[in-house]
Each structure stands twice: as structure tokens, then as C-alpha cells.
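This report covers a model of two protein chains. The sequence and coordinates come first, followed by notes on selected parts.

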Amino acid sequence: MKKTLSILLALALMLGLATAAIAEDDWITLRVECFDREIVGLDVTDCWQLHYAQEHFGDPNHIKLEFVSFARWTEPELLDNALSADTAPDLCMTYDGNLVQQCIDQEGIWQLDELLEQYGPNLKAFLGEELLPYGQSDHDGDGTPEQWYIPARRISRANVGNFIREDWLTALGMEKPTTIDEFTAYLRAAKEAQLGGENTVPFSFGIYAPDPLFNVRRFTDAWVDFSQVTEEDWFANARTPEMLPGAKEGFRWLNTLYHEGLIPETFALTDNDQANDTALIMGYNGFFSQQPDQPWRTDKNYQVEMANNVPGAHWVTVNPFQNDSLGGKHLHDMYAPAGLSIIIPKTADEATAVAAMKYLDWMAIPENMFALQNGTEGINYEGLTEDGIPYGVKSADDVPNENKMHAGDICFISNGLCYGDDEKNAAALALPFKGYEADVIASYADSLSDAWTQISFPVAVQAETDYGATVKSKQGEFLAAVVSCDPEEFDEVFDAAIQETLDAGAAEMIEGFRAAYQEGNYRGTFPGNM
Amino acid sequence: MTTHLPSINRSHRGWFRRDWRLYAMLVLPVAFYLIFCYKPMIGVIIAFQNYNRFKGMWGSEWVEFENFRFIMGMSDFKFALRNTLWLNFLGLVAGFPVPIVLAIMLNEMKSVGLKKLSQTLLYLPHFLSWIIIGGMVLQIFSPKTGLINATLLKWGLIDKSIPFLTKGPQWQATYTVVGVWQGMGWGTILYLSAITGINPELFEAAKIDGANKMQQIWHVTLPGIRPTIVVLLILSVGQMMNISFDRPQILGNPQVLKYCDVLSTFVYRTGIQNHRFDRATAIGLFQSVVGLILITGANFVSKRLGEDGIW
């Protein structure tokens, strides 16, 4: 490949020298995928960032950039269709690891080692030795892994955000709970006192259908008995936290809450997000758990909107889920350092693949990244702090259409805003949320305390490809059943539901993950080692 | 010498020249079927392949019935199959007679204004997206907070919510009722036009013979639309294995998964979400083959009973 490349380059050079007149013809088009989050007034295929990149990267390199938009919430299906139809963009990204793995197995994407070596020095520096291996696997079986995709760097790895109503604590004369017992007492007291009116449901709870236990294990892991869990068991049950010894008691706790009316009776109904959002904003709930910056996010500002309805209402971080078998550690799962996966399909010819890598490399240069992520001073943000972090960041509604942007999606080598070092990045997390900076910082601090890295496998585990989606749907059914069943029948229902999940393919998955672990193909943290 | 007589030119070119406008009108529908219904059928071959999206259907490896074996071996396949047949059966039993009754009632309406108004109101749900209907169903049938449960609880008629959406059999009943409500108005259209096709002299004769309204309906209207009923029934039986995706997906929830998971949602999960088009195709082919057997069977039975059938 190197040879072909150099010949190509030499040819291009010769042609360029010989016939300056045909210089117009050496332009190539680079089609780049970008997510569309349906932000009103923002046309991602004709946005400010595209024009910026065209001017600063495209024009000097004779590359015509085109953005191809994919709806964010169905991107894996859309990308798969495009790949199958040979119409995929030249530079693609996805959060679907299964799809990427299939692309590697089916040999439909460029191997990136040489391209990265030759055209990606800034990109290599940005990702570093820790990140790049996430995109490597040994496809040809020669013992040395090859680079198949570029993993994006996750700036903030925090995933868990637990929030409690400070005004309710004050009304009840309670301290912020630090144990499950104190927390349960708070929920009961809040219900008793009807602090949210007659619609009071202290614990906002719903089933996240795409991955039902993803947001539930943060509670039930507190009951896991780590004296009975080996590192191997932990990794083998990567996708089945309900099967870990002790977790059952966590689900029993949820069942108790349900029957005491502390969890919404409608928790299992799909499309219930709207109702849950409304309940949060109307101040009916005393606790909810989502992402660490959730209460202040501009799209769903639970804090500001709730305080408009209920004066003085205030969400603050809470950390009650202690695990006694780990000496009272409050476990939180956190994301792996690698975010989405970036691939170059083979439908892109060699020159286009080179252009794609050059574009990624250009993106990794700090000043370019800063522009793509923050926009223009005075339009997208008011000014810069001493550390060079923007303050007074405007929400999309307050920015003219031609300057609207989604900060994260266009500069996709970085999942999250990046300002150079960890300290600045952490400080920057709180800056967009004026008036709540201390709350945000406290929330991230809780989220990253006793945090373990989520599990991933650098090899394709066939059973997960085959049964992953089925097992997740079973886990939804499991969760609905064990939380709502008659407490008398809990043990029976729990055991039967576990057996069904195993029969639906979880058994094969556990076996597959165990084999991967034994071969050393695993990433993540075992809390027993923390 | 016969050339003086006006004769119909039966040669190929003759009738084509005469009727070419009709054939021209036929070109578009035929092209539609060829391009969008017949050409894609070639794609069923990937049901027998380990489909490689980059090599396409001509370059992928053949695996015979491996995809079928895998799917039939999955534990939730049997639930999906059972629910598909059962929900369609419920829909047929509960939903098939309703448009017939409605059409007859509409036909008997004296006031044209009232008839048009009722028809429009009855058609309306057909044009609502299932997303909207799903929202309405939640508002009406939710435990505790839904319109029905909240009202009954308030009046003290029940002390526990009726699990319209949260217990399997009750969910299936809700699913069926909502489906009947959504489709019944639209279903009357064919019957109404069939009723208009009945010779009015038959009604007059019946009246002269002293038949009352019910007798007219029973002895004139119903026999008059019988061929339409039979054709629609055969077509419905042929659709027993097919089920829409949006209705069960939107109305269903994890609590009743064993009762709401059907072949279309199963395909979406195992085929599309897992990026296995070959498996999705295999299930689709299986459905089509069973559907073909059912519709042929129904047609055969109908002909044996002396009805016209659909071919």
C-alpha cells in the first residue's frame, strides 16, 4: 500500500508540475457522516462548522467536504443500510460495536495502520497509547493486532448521576442519606408527608428499553456479595448483572419500594418518558438517576423548570448505595476511555481514504478542535476565562441559524468538549450551567468516586452478536416482572425469569465472555481489585 | 367478398391499436409491481447465505438452512409465532363482522348529512399514526392514572387498577379492541360499495312481498354482498402470518413481552438491530410461505363450498 501511495503521490506531483492548467481537476470529494439531532434551525449538512472546515482544511488541500446526516437515534440501522448499499459516507462513525465488528470480519473497511502512521501524527498524539488499542484487533490471526477503527476519546467518563431533593430533606429535617437504609427512610417519609402533593412518587423509575439494566445496576450492584465473585465471574457476567451473587436482594428492595407506592405504578409502560419528565418538572419526585449533568442540561432542564413550578425546589447529588462486602464502597460504573468508533469503508478509494485520515488529523490540532467545538466568540459564547475556556455559552435558541452548532458531533474524535488537560476539562463541565456550578462539580465528584470502568471485549464474542438484543429484551421483561410481582412470589418469579434469560441466550453469552476473559481479551475494572 | 362487412380485426396489432390507451394506463402499475414487488424477491436468496454486506448477495457464502435452524432454535421465536397467530385470530374474530354490520347500518341511514358525518368520524382513526394512538391508549388505559382506572377508582367501583396494559390476556384484549376501533370505519368502504351494487328492484320486490327491514337485510343485502365477504375473508386468512410492526411495538411493553412479542418485532430485534439481514429475510420467507399455504387452503375450501374464491 505504501508503495502504491508513494507512486500515486509522485504521479500527482508530476502531473501538478507539468500541467498547472488542470489544477481544478485534482479536487476530490470527501463525504463525512454527521449525526442529526433535529435541533431546530440547524441544518447539519450546511452548518457553520462545515464552512469552517471547508475553508481551513478543504480549500488548502483541494478537498470538497460534504456532510451526510444520519438521525442520531437510529444511526446504526441507517449506517448498516448505507454500508450494504455501497452508499456509505467515506468517513463514518457509530456507537454500535457489533456493526463495526461485522465490518471488520466481512473486510469492508480500510485497515488504518499505514494511513495513521503517514497522515495522522496529530491524531495519534491526541488519542495516545491508551486509546488506540481500543480500535485494534487481530483479524488476520498473525498475533499482531491491526488498527481497524479510530476510537474517539471520551472526555468525561462519568455515567451515573443520582439526585435528591434538598428542599425535601430540609422539610423532613433529614440529613443527606449515605446508606441504603437512610435513603429508604427518606423515600418513605417523603411519601408519608406527601411532599409533592397527592401525586407524590418519591422514586422516579422507568425501564430504558434498549438496555434495561444499564441504569439499574447502579442500584443493585450495592447488594452484590463480592466475597463470592471472582474476577472471571465479573467479566463473564458483563451483560448480566442480575446474575451476580447477591444482586437478587437489590431487586427485592425495588420490589418492596414498588409495593409501598414509592415507584410509579406505570414504570414498565413504554413511551413513559414523557410522563416521567413531566413528573420531575412538576416536582412530584424526590429522587431520580440519570447522567451526572442531567438536571441542568439545556434540552431537559429539570432543575430550572422544576424551580419555576415549585419555588425553592433543588436537585443535589446523593450517594447512598454502599456495598458492605467492599467495605462500604459506593460503586459507580463509568465509561471506558474510548467513545464512538470511526471507520473508513472500502467504498472510499485510496485517495479519499487519505483525505479522510488527513481530515481527522486536522481535527486533532487544538485550535481547529476548539473552533469546531465552541464556535465564535461573541456569537456562540461570551468570552474566555483565564484558562481559555468559554463562558456564557449560548443555548441553540439564542444563536442565529447560520451559527447554530452541535458541539460534540462534528468534531467526533472527541466525545465531549476538550480543552487540553483533565483539570481544564473538568472545570469546563460546570461552566455552561450558570448558577449551578457547585452542584455540577459535586455531582461529577460523586459519580467518579469508587468508579469502575465498564466492561468491553476487544474480540467479537459470537454469542453476543447472536443473542445480545434478545437478552436485553428478556431483561426488560425480567425487570418488569421482579419489581411488580407479589412479594410472596418474589423468589419464584425471580428464579424463573433468570432461567428464561439464560435460555434466551444469556448462558451462551456468559460462556463466550468467560472464554474471552480466559484468553486475556477483556477491558474494564473488577471492583474487587479496587 | 366479405371486406364490405364491418368486421372486428382480431389480429394482435388491431386490438392493440384500438386499446393502446388502456394498455398505456396499465404500464405504470405493472412496472410498479415488477420493480418493487418482483425484482426485490430475488433478494430472498440471502436467507440461505451468511450474508456479507460488502460482497452482496452474489458473493456471500451459502449456508443452506442454517439461518432457519438458528431462528427456530431461539427461545422467543415460539412466543412470537404463537402471538402473531393468536392476535391475528382475535382480530379476525372480533374485527371481521364489525365493518359488515356498520356498513349495513350506514346504508340504512335516512339522513344523508348524518350518514356522511358518521362515515367521516368512523374513517378518522384509520388516518391516525399508531404513535398517536399509542399515546391515547396510555392516557385511557394506564393503571391508576389512565382515564378509565382513575375514574373507576375515584367512584370507588374498583379498589385496584384494571391491568389493561400490564397483564398479558388483558393486554391482548386491549390490543384487539383498539385495532377494531381503528380499522372498522375504513373496512366499511368495500361493503358499502358492494351494497350500492345490489339491484334496487330486489329491495322493492321484497317490500311488496311484505318483508320488514330485518328480513330485507337478511334476504337481500347480506346475500348481495356475500361474494365480497368471502373474498375479504380469504384475503384475511392469507394475512394470518403477517402482522404490522408499529401496532404491537407501540402498544406493547416489557411487562407483557410474552404476550406482545410478535414476528415483526422479533425480526426487528434479531434481524435489524443485530445487523443480520440474512436472518430477517429467513423469517420473512417463512412467513410468506406459510401465508401462501393458508391463502391457497382458504381459497380451496371456499370453492368446495360453492363460493367463487379469489382465482
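Which residue of strand 9 of chain A is the bridge partner of Arg165(A)? The bridge partner of Arg165(A) in strand 9 of chain A is Trp315(A).

## Model and confidence

This is a predicted model, in which local features need pLDDT of at least 70 and side-chain atom pairs count only at pLDDT 80 or more, while totals for chains, interfaces and linings use all residues. Residues are numbered from 1 along each chain as its sequence is written, and chains are lettered from A and ligands numbered from 1 in the order in which they are written.

For chain B, the mean pLDDT (the predictor's confidence in each residue, from 0 to 100) is 90, and 96% of the residues reach 70 or more. The complex has an ipTM of 0.82 and a pTM of 0.86 from the predictor.

## Strand 7 of chain A

Helices (H or I, at least four residues) and strands (E, at least two) are DSSP runs, numbered from the N terminus. Strand 7 of chain A, residues 161-165, is largely enclosed by the rest of the structure because 5 of its 5 residues are buried. A buried residue has 20 or more other C-beta atoms within 10 Å of its own; an exposed one has 12 or fewer, and a partly exposed one falls in between, with C-beta atoms placed from the backbone. In a regular strand the side chains alternate between the two faces of the sheet. Here Gly161(A), Phe163(A) and Arg165(A) lie on one side and Asn162(A) and Ile164(A) on the other, and both faces are covered.

Strands count as paired if DSSP finds at least two bridges between them. Strand 7 of chain A runs antiparallel to strand 8 (residues 287-290) of chain A, with 4 bridges joining them; Phe163(A) has Phe288(A) as its bridge partner there. Strand 7 of chain A also pairs with strand 9 (residues 315-317) of chain A, again antiparallel, over 3 bridges.

## Contacts between the chains

Contact (C-beta atoms, placed from the backbone, within 7 Å) links 32 residues of chain A with 27 residues of chain B. On the side of chain A that touches chain B, helix 3 (75-84), helix 4 (97-105), helix 19 and helix 20 (490-518) of chain A each give two or more residues. The largest share, 10 residues, comes from helix 19 of chain A.

## Helix 13 of chain B

Helix 13 of chain B (residues 263-273) is mostly covered, with 8 of its 11 residues buried. Among them are Leu263(B), Phe266(B) and Val267(B). The buried residues of this helix pack against helix 19 (462-484) of chain A, and also against helix 2 (66-73), helix 3 (75-95), helix 11 (246-251) and helix 14 (277-304) of chain B. Just after helix 13 of chain B, His275(B) has a positive phi of about 60°.

Technical notes:
Contact = placed C-beta atoms within 7 Å.
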